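Hi,

Here is the model I promised to pass on.

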Amino acid sequence: MSSPSLPGTRTRVGKYELGRTLGEGSFAKVKFARNATTGDCVAIKIIDRDRVLHHRMVEQIKREISTMKMIKHPNVLNLYEVMASKTKIYIVLEYVGGGELFDKIANDGKFKEDVARRYLQQLINAVDYCHSRGVYHRDLKPENLLLDSHGVLKVSDFGLSAFSQQVRGDGLLHTACGTPNYVAPEVLTDKGYDGTSSDVWSCGVILFVLMAGYLPFDEPNLVALYRRIQRAEFSFPSWFSSGAKRLIKRILDPNPLTRITISEILENEWFKKNYKPPHFETEEDVSLDDVDAVFNDSEEHLVTERKEKPVSMNAFELISRSQGFNLENLFAKEMMSSINELSLQLSDFHD
Ligand code: ATP
């Protein structure tokens, strides 16, 4: 646990200055930070090393984080780099300032069908792309759907599911980590499942929540909740259109083998309305040295979290830091006057 900072002191990790806590999940704390070199804002997810790095899943974590570092999709939260200290892992992410989609529903209530559809389209684009690169989310829920300042949806925690699985143990039957309202029936029975179709199920629950303002499966008692999810027992509110109902029914199919696939969703009439395919470029030259260093237990690249006192500057440093005051000019002027003086002396000498 980090100690409280004195007023004005800053905590620095590598090139990042840590700021306020943005949120806390089951396995990590997320802090706002600023890249001291570029001034860019980022969010840093801080994870206790001991809690997550058991050898069993290191390879999966390393593979998924490497893939996520290469994925640059407009609806997936960018992962910039990873760092490690002796006790912590720091995952540096794109910072988004629009809050959680969940808060929007909590504050403003359910969305109109067109708005819900637009979010679903962005969600499916993100999920489809990550799946095509072999990364499954396994924990899609509104808390993992963030918005940027333009209202664009950004899915967070893609590629990080192995971390939370280690904290929870296998499977998802762990009430301490929140209720499994978004989890597919086959995941609950824990008999091995396909990440593709279970993510699709969660997208269906999310779509229902966006349009209804409440959950399709909700019971105070966990056993009853599991039973309802397993049987896909839910009913539609009166305001859902028949197109939306048909799609949700196909997504919330308890049998993963007959459940609608993403390519079928992309062809669905209700889904396709005003659909805009995402435009983005793929990055080819992404260095994975940081990921290797963190997960290969090398001591070489470890960072340390250190407190920095506010800088006290003397007048000279203050001047040299102030914008619009170019010290080089000052030196150049001094140098010129010294040269002038010297040449005068020399000419005196020659005369
Ligand atoms: P869990 O880890 O149990 O799934 P979670 O997804 O809610 O829970 P985190 O991903 O750890 O938790 O994030 C906690 C909160 O921090 C988020 O809900 C969000 O409010 C905030 N947050 C996370 N990442 C960012 C980010 N990149 N930019 C801005 N805020 C963020």
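This is a predicted model: local features need pLDDT of at least 70, side-chain atom pairs count only at pLDDT 80 or more; totals for chains, interfaces and linings use all residues.

Residues are numbered from 1 along each chain as its sequence is written, and side-chain values use heavy atoms, with hydrogens and water left out.

**The whole protein**

The protein has 14 helices and 9 strands; these are DSSP runs numbered from the N terminus, helices being H or I with at least four residues and strands E with at least two. There are 351 residues, and 45% of them count as buried. Buried here is under 20% relative accessible area, exposed is over 50%, and partly exposed is in between, with a 1.4 Å probe and protein chains only. The accessible surface comes to about 19000 Å², with 51% of it belonging to carbon and sulfur atoms. Areas come from the Shrake-Rupley method with a 1.4 Å probe, and for residues only the protein chains shown count as cover. As for contacts (heavy atoms within 4.5 Å), 66% of those between residues at least 6 apart in sequence join residues at least 24 apart.

**The ligand site**

Which residues come nearest to the ligand? Of the 20 around it, they are S26, K45, E94, E100 and N144. A residue counts as near if one of its heavy atoms lies within 4 Å of the molecule.

For E100 the distance is 2.3 Å, for K45 it is 2.6 Å, and for D157 it is 3.3 Å. Taken alone, the ligand exposes 610 Å², and the protein buries 90% of that.

Two elements give two or more residues to the shell around the ligand, namely β2 (16-24) and β4 (41-48). The largest share, 3 residues, comes from β2. The shell also draws at least three residues from each of domain 1 (10-96 + 290-300) and domain 2 (101-272); those bounds come from an automatic or database domain assignment. By class, the shell has 8 nonpolar, 8 charged and 4 polar residues.

T11 sits in strand β1 (residues 10-13). T11 is buried, because its relative accessible area is 10%. Its side chain makes a polar contact of 3.3 Å with the side chain of K307. A polar contact is a pair of N or O atoms within 3.5 Å; within protein, one must be able to donate a hydrogen and the other to accept it, and residues adjacent in sequence count only if both atoms are side-chain atoms.

A polar atom of the R12 side chain lies 3.3 Å from the backbone oxygen of G14. Leaving out residues up to four places away in sequence, R12 touches E17, A36, T304, E305, R306 and E308.

L79 belongs to strand β5 (residues 79-84). Is L79 buried or exposed? At 3% relative accessible area, L79 is buried. With residues up to four places away in sequence not counted, L79 touches I65, M68, K69, K72, I91, V92 and L93.

**Loops worth a look**

Most residues other than glycine have a negative phi. R138, not a glycine, has a positive phi of about 70°, and R138 is in the loop between α4 (113-132) and β7 (145-147). A232 also has a positive phi, about 50°, without being a glycine. A232 is in the loop between α8 (222-230) and α9 (242-251), and counts as buried at 11% relative accessibility.

T282 lies in the loop between α11 (269-272) and α12 (289-295). T282 is partly exposed, as its relative accessible area is 44%. T282 and H73 are 209 residues apart in sequence but 8.1 Å apart in space, C-alpha to C-alpha.

Cheers

Terms used: Ala, Val, Leu, Ile, Met, Phe, Trp, Tyr, Cys and Pro count as nonpolar, Asp, Glu, Lys and Arg as charged, and the others, Gly among them, as polar.
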